[in-house]
Every structure is written in structure tokens, then in C-alpha cells.
Amino acid sequence: LDAAAARAEESAENARAYAQKVAEEDRLRAEEVDDCFDWEEDKGPSALGRLAVTSFGAGRVSRVVCTPQNRRYMSFDLFSGGSLQVPEARALPWLSVVENALGSRVSAPVPWVDQGESRKPPDGANWVVAEAHPQGRRLAFRLVTAAELFPRFVEATKLSQWPRLESLVYLVELSTTPETVGHIMPFRHDYRKSEKGYAKGDLLLLEGSRPGLQDVGIVRKVLYGAKGEKAAIIAAQKDPMNLSGTPRLAFQRCGAPEKTKREQITSLERMVLPLLAARLPSGATALGVGASLDSTFLRFFVRLSSQESVDKESPAAQGAAAAAAAVGALLGCQTEVFASSGPEAPAPTEATVPVPAAEKMAKVKEKVLKAAKKKAKERKKAEKAPSKSSSSSSSESSSDMFLLAMAKRGDKALGRTARAETQSAPT
């Protein structure tokens, strides 16, 4: 009887496992059907029109679709004829072949192999990869240099034979409101815009998160060589808004028009921040807002209460995403959310609160006046005492004059500081 009971329990367990397996297969099959028939055009940052080198030849992105399960598929029109559709994870390496080459600086291969139609390059010259250009069924890069009058075209499959010269990567802090958010991203130097690199502290015009967008940021660190490029590529691959998986480009230094636009956008970011804070769920805190240079793309920074809340499937994360989407729909902008977890930063203590320049100058003036009064009292005592020499009295008088002059200079500095604060105060 015990053996029969054990066999019956084993059979029941096997039947239950088989039923669960069949149910899981049915669920996966239903998802595949949804992926095939229930998709729509991707409304986010799109790679439409971008060139790529696929496993079947060069082509161009003709369509991007998204499924309800947030899976993206890209369609390519091949230059040799035909088309194919692949998942986004498969398409990103194809796009990065082109994106990672644009704006870089290369030198001619050594030794040079004569290819018939290609002329021999001049000694010591280097070229900048200006653009990708379709040529019939193949894709070629246009290389330009000051040492040659006409540009040189190199097939995309042969560009890897041209050694890449030293690359520059910048760690840039994007402009946000407030400025203490500290959102830093890597960007590549674009040799098409400037032959010389930029320095720490420069305000740069940057490539945005989708085609046509531009951002503004300050260079915090400059990385040289393969080590910096490798770190930048790893960081770019973790960015969900970066479709090519390669670092974006730093175009040029900001001029007066870009700085004026950035000052106007700051007022928009100040207005958006309370709108976001009012719509966030409990336990979430709005840290800051960043906008693109044309104000059509908003980047939100949110702090969630716990580490588990950062998961995309958690209620807190979904609530923050819904709040950001609501603000974006209200303003007619696309949005992006960066979430972090942990306790709020402690309030600054009295020792850490920065003292304004006017208060510092007032303290200096007070010390100078006290020292002047003390010297004056000592001088009166010295005049009453007959044993003081004339040389000591003259030195004391000169020191008193110096202290009084410093006090007057402090009064002038206080006046200039007050006028500057009055002019910079908002009306």
C-alpha cells in the first residue's frame, strides 16, 4: 500500500509539472503572436534614416516598431536590394559601425597597398571621417584632409584598416535646474568641428538623445586614448536612449546665441519642477529637471525611497514614470526619467553653510576698525609718556594710516557687492 501511494503521488506531481509546462508554452506562444501582430510605430527617439552595415550588406533604417512588451524591431532597406527586420539588440552593433566612425581622425595604413583607382596618400597626413555616403550597393566614408585637394572615399568594410589616431572623450555635466544634480555623461570629440580638443570647464554644445536634439554641458574631465574610449562606450551602452550604443558627439563651444537660449530654458525648468513634484507618488522626491536646447525634450531626476523602488516594475517607479509622462503631455514634450534610491541628503549645518561675500567683508571691516581703535588708544598713551622716541611714534602713526585706508577700501568693496546683488536680484 505504501509503495502504491508513493507511485500515485509521483504520478500526480509529474502531471502537475506537465500542466505548468504546457501553460508556460502557451503563454510564450501568445506573446510571440502579440509581437508579430500587435505592434505600432515607435514614438520615441527614432533611428529612421540612419545608415548601417548589416551582416547582409549596407542599408538604411526604414522602419522602427514597438510591441506592447516594449520590444523594438528595426527594418533595413538594403542597397543591394531587399529588406530585413531584426530585434533592436541585433541592430545596434550594425548602427554603431557608422556612428562610431563619424567625426574620428585616422591615418593611412602602413604599408600602403596600391588599389588601382585610389591615389597614394601623402606622407604624414591624417584624415577626418566627414560623412557616410551610399555609392551604389556599397557604403563609403568620405575622408577629408588639408593635405589633399579632393576628398577620399573608403569603403565601410575597409575603414578598419586605417588606424585611428588618439581619441578624446569628455565627461560632461549636463545643464540642469538646480545645478547640484550633477548628471555626467561621456561625449566624443568631433574632429569635423575642431582640430584641437576642449579644456576642463568649457561650455559645450552636445549631441542630444535623439536625432536633431542638442544639449548644453560643462566639461568636468578629459580622457585620452583607448582607455577613455572604452569607458565611454561601456557607459553609452547602458544608456537606454542611446540607439547606437556609442558615445555621442561634442560639437563645439557654446557661443552667445546658445548661452542666451540656455538662460531662457532655465526659467522653463524652474516652472516644470513643481509640476513634477506635485504629481509624484508618496516616497518619491523631485531632484531636478534638464531640458534640451529647443525645449522639446525634458529629462527628470527623481529619488525613490528604497532600492527596490528603482526596479522598473515597482509601483513607485511606474508612478514616477506616469507623473513624468503626464507633465510631458501637458507641455507637449518627450520625457526621460532617471531614478535613484536612498535617504535624502542631510540639511547643511551652520559650519557648512556658505557665508556670502558681503558678510565676509563686514567681518574684515570690523576687525580692521577694532585694530585701528586699539592702535589709537596706544598712541594716546604713548603721547602722554615722555620716554617714547619719535621713531616709534612715526611708525605707529603710519600703521594707523594703513589700517584706516584698509577700512575705507573695505567700505568701497561692500558698496560694490551690494550694487551687484541688487542688479542680480530677480524683479
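E131 is partly exposed, at a relative accessible area of 33%. Keep in mind that this is a predicted model. The E131 side chain meets that of R142 in a salt bridge, 3.0 Å from N to O. That pair links distant parts of the chain: E131 sits in strand β7 (residues 126-135) and R142 in strand β8 (residues 138-144), 11 residues apart. R142 counts as partly exposed too, with 24% relative accessibility.

Stay with strand β8. E155 forms a salt bridge with R138, and their closest N and O atoms are 3.4 Å apart. R138 lies in β8 and E155 in strand β9 (residues 152-155), so this pair ties together parts 17 residues apart in sequence. E155 is partly exposed at 26%. R138 is partly exposed at 35%.

Next pair: E173 and R220. Their side chains meet in a salt bridge at 2.7 Å, N to O. E173 is in strand β10 (residues 168-174) and R220 in strand β13 (residues 214-224), so the pair ties together parts 47 residues apart in sequence. Buried or exposed, what is E173? Buried: its relative accessibility is 14%, and the cut-off is under 20%. R220 is partly exposed, at 37%.

How many salt bridges does the structure hold? It holds 11. Some share partners, joining D215, R299 and E336 into one network.

Now the hairpin. Strands β4 (residues 72-78) and β5 (residues 83-87) pair antiparallel over five bridges. M74 has V86 in β5 as its bridge partner. Four residues lie between the two strands, and G81 in the turn has a positive phi of about 110 degrees.

Last, the surface. K373, K377, R379, K380 and K381 gather in a patch of positive charge. R379 belongs to helix α6 (residues 357-384). R379 is partly exposed, at 33% relative accessibility.

Note on methods. Residues numbered from 1 in each chain as written. Predicted model: local features only at pLDDT ≥ 70, side-chain atom pairs only at ≥ 80, totals over all residues. Heavy atoms only, no water. Patch = residues over 30% accessible without salt bridge, like charges linked within 9 Å, V, L, I, M, F, W, Y side chains within 5 Å. Areas by Shrake-Rupley, 256 points an atom, 1.4 Å probe, with all protein chains shown as cover. Salt bridge = Lys/Arg side-chain N within 4 Å of Asp/Glu carboxyl O. Lys, Arg positive; Asp, Glu negative; His and termini not counted. Charge placed at Lys NZ, Arg CZ, Asp CG, Glu CD. Buried < 20%, exposed > 50% of the residue type's maximum accessible area, 1.4 Å probe, protein only. Pairing = 2+ DSSP bridges.
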